[in-house]
Amino acid sequence: MSEGYRPNSISPDTLAAILESAVLAPSSHNTQPWRFEISRSGVSLFADRLRALPVNDPDDRELTISCGCALLNLRIAAAHVGFTANCALLPDPEDEDLLATVSFEPFSQTVGIEHRETALFRAITRRRTYRKRFEPKQVPTGVLDTLAKAALAEGAWFHVLESEQVRHQVAELVAEGDAAQWSNPSWRRELAAWMHPRRKGDGLTVPGLVAPVAQLVVRTFDMGNGVGAKDRQLADESPVIAALGTSGDGDEDWLKAGQALERVLLTSLGQGLQASYLNQPIQVAVLRPKLQHLLGRSGFPQILLRLGYPATDLPAAPRRNLQEVVETQDSGEITAKHYGRN
């Protein structure tokens with residue numbers, strides 16, 4: 001912990017606001033697999049394994065990436081209100097659920113507004129997973145270079161698929177991944193279990209009246225061919241298909257990938273872009289080496305993104321109440337009453 005850190009230098013309300021931004025991060029199936037513990041020394045970020053996806057994500061790779069996204073949001077929100085978030089990744093080898101600890105240090109008065117990452121902070125509430133078709137408009141090379149720099153700043157790489165032949169081959173891998181996943185009854189049951197009415201605060205939103213029918217259909221029918229055809233078309237038509245990856249493939253790499261992903265997504269918002277995922281070739285283990293070969297570079301692809309200019313606005317995905325994901329140690333002013341807001 002920095003010598004300049006003072007436990008009382010950040011108010012409980014400010015800390016609650018920072019955490020409200022953290023939990024707006026993306027996650028697989030909108031599981032929101034994180035929890036935070038507040039103490040006098042700062043914030044501890046834990047993986048919530050009860051919200052894991054053992055079929056879709058057997059190694060908790062995407063779960064850890066999702067927590068990395070939340071950690072980046074926390075850092076951005078802290079910077080916006082004038083604090084440096086000092087992060088230690090995987091600080092306790094004996095506790096695999098403890099992914100990071102964060103302490104806060106006030107900026108000096110000489111720190112300029114550019115260090116407060118205001119543009120990225122404003123993008124946090126506007127980020128969406130945009131699964132619709134994008135406008136048929138090309139993304140300038142300069143914008144893609146900016147996204148690559150954003151990923152690099154967090155220790156990851158951002159690789160744009162430029163060849164039409166490679167793009168088509170990757171689209172075929174996406175469809176192949178859809179077919180493999182949908183043919184697995186356990187995968188379909190897991191997907192159906194996370195299809196919820198919006199009032200639940202998590203999961204994939206389905207209108208309340210049709211949720212039981214939608215869940216039954218997903219559990220019962222292999223729709224891999226139809227979903228694959230749709231995803232193949234989305235991939236082929238997207239202005240940008242890009243892979244985000246890391247040099248290694250362990251827990252720390254996944255946390256870095258999550259922070260890089262969220263920085264790329266928030267930076268994209270500043271350029272008018274939205275994104276969604278085509279992660280099937282990474283989720284299906286036998287397809288991941290094929291994708292890596294098509295990328296033609298060293299390292300491990302962690303996320304496959306499609307990016308473009310959205311044709312319409314989408315509502316935000318539901319979120320759980322902050323009090324459901326935050327635990328507090330009773331230490332004077334730092335109490336649970338500050339974390340009961342949406």
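This is a predicted model: local features need pLDDT of at least 70, side-chain atom pairs count only at pLDDT 80 or more; totals for chains, interfaces and linings use all residues.
## How the helices are arranged

Helix H4 covers residues 141-153 and helix H9 covers residues 251-270, and their axes come within 8 Å of each other while crossing at roughly 150 degrees. Because angles over 145 degrees count as roughly antiparallel, H4 is roughly antiparallel to H9. As for the hand of the crossing, H4 and H9 cross in the right-handed sense.

## A sheet of four strands

The model also contains an open sheet in which four strands follow the order E5-E8-E10-E9, and the pairing between them is antiparallel. At the edges of this sheet lie strand E5, residues 157-160, and strand E9, residues 274-277, each of which pairs on one side only. When direction is ignored, neighbouring strands of the sheet are turned against each other by 35 degrees on average.

## The pairing of E5 with E8

Edge strand E5 pairs with strand E8, which spans residues 240-246, and this antiparallel pairing runs over four bridges. Within E8, Ala242 is the bridge partner of Val160, a residue number that falls in the 157-160 range of strand E5.

Terms used: Residues are numbered from 1 along each chain as its sequence is written. Side-chain values use heavy atoms; hydrogens and water are left out. Axes are lines fitted to C-alpha atoms, for helices over the stretch in contact, and angles run from 0 to 180 degrees between N-to-C directions. Helices (H or I, at least four residues) and strands (E, at least two) are DSSP runs, numbered from the N terminus. Angles under 35 degrees count as roughly parallel, over 145 as roughly antiparallel, 65 to 115 as roughly perpendicular and the rest as oblique. A crossing is left-handed if the near helix is turned anticlockwise from the far one by less than a right angle, and right-handed if clockwise. Two strands pair if DSSP finds at least two bridges between them.
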